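Here is a short briefing on one protein model. Look at the structure first, then work through the points by topic.

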Amino acid sequence: MREIALTKKVEDTAFKMNADFIGIADAACFEDPEYTGNKPQDVMAEVQSVIILGVGVPRGAFETLPAGRAEYTNTLMAATATLRIVAFQIAKLIEKEGYKATIVPTEGSEFGYWYADRETLKANLSIKYAAYHAGLGNFGINHLLITKDFGPRIRMTAILTDAPLEKEEKGTLPPFINEKCSKCTKCIEVCPAGAISLDGKIDRQKCAQYMFNVLGGLRCGLCIKVCPQ
């Protein structure tokens with residue numbers, strides 16, 4: 001079938017260009033009433049698939065924290081730049097097949113531009129939510145995606161497309177919240193902004209204020225550093 005052949009082309013291209021993982025979610029997952037974020041349908045009305053691309057971030061970038069926050073931030077930006085190149089080539093590949101594709105922003109703020117809503121700090125859609133529905137991992141209490149091979153030490157981007165690609169089967173998804181988080185509070189204890197709570201809620205404003213006002217735009221990363229997964 002055409003969608004199977006295109007899906008394989010997309011996957012092969014991603015891995016040839018050094019993506020560490022790829023997943024495809026049905027865009028319809030964002031229509032679940034339990035999801036309260038922004039939806040890809042608001043950007044591309046005819047979207048069918050959300051392609052998630054990811055790379056693992058070198059552990060050395062985390063082990064030097066907090067002294068190495070500049071190095072950590074630069075490493076994250078390098079991962080983001082890598083994924084943008086991969087995503088661009090895949091978007092072009094999809095359009096050669098007669099479909100449409102566009103790349104989702106992966107930074108709340110960058111180069112003076114704000115991609116996220118300034119008041120809610122929510123992006124146009126949750127890439128982590130799409131990644132969960134693509135079977136790539138599940139959520140930690142720190143609201144990060146926990147993957148099997150890299151834990152939360154990852155960087156991701158996503159592509160919206162109207163191409164009918166092969167999707168992950170719903171019945172194979174793991175529990176939404178990672179089971180190991182129920183017995184671990186390391187990310188809560190280490191958070192310098194006090195943004196993570198035991199009931200699974202996160203204060204986005206506290207996190208953003210610490211990152212931009214205290215760190216001057218450098219990324220924090222401590223909740224990822226201490227995660228044992």
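Helices (H or I, at least four residues) and strands (E, at least two) are DSSP runs, numbered from the N terminus. This is a predicted model: local features need pLDDT of at least 70, side-chain atom pairs count only at pLDDT 80 or more, and totals for chains, interfaces and linings use all residues. Residues are numbered from 1 along each chain as its sequence is written, and side-chain values use heavy atoms, leaving out hydrogens and water.

**Loops and backbone**

- N18 lies in the loop between α1 and β1.
- The phi of N18 is near 75 degrees, a positive value in a residue other than glycine.
- N18 is exposed, with a relative accessible area of 56%. Exposed means over 50% relative accessible area, buried under 20%, and partly exposed in between (1.4 Å probe, protein chains only).
- H143 is not a glycine either, yet its phi is positive, about 70 degrees.
- H143 sits in the loop between β6 (137-139) and β7 (145-147). It counts as partly exposed, at 24% relative accessibility.
- The peptide bond from L65 to P66 is cis, with omega near 5 degrees. P66 is found in the loop between α2 (60-63) and α3.

**Packing of α1 on α3**

- Helix α1 (residues 2-16) and helix α3 (residues 69-96) pack at about 155 degrees, with axes 10 Å apart. That makes α1 roughly antiparallel to α3.
- Axes are lines fitted to C-alpha atoms, for helices over the stretch in contact, and angles run from 0 to 180 degrees between N-to-C directions.
- Angles over 145 degrees count as roughly antiparallel, under 35 as roughly parallel, 65 to 115 as roughly perpendicular, and the rest as oblique.
- On the α1 side, L6, K9, V10, T13 and A14 meet V86, I90, L93 and I94 of α3. Contact means heavy atoms within 4.5 Å.

**Nonpolar cores**

- A nonpolar core is a set of buried Ala, Val, Leu, Ile, Met, Phe, Trp, Tyr and Cys residues joined through side-chain atoms within 4.5 Å.
- The largest one has 23 residues, and F30, V50, I52 and M156 have the most contacts inside it.
- Two or more residues of this core come from each of β1 (21-26), β2 (49-56), α4 (127-133) and β8 (154-161).
- A second, separate core has 22 residues, including A19, L53, I90 and I94.
- Leaving aside neighbours within four places in sequence, I52 is in contact with residues including F21, I127, A130 and M156.
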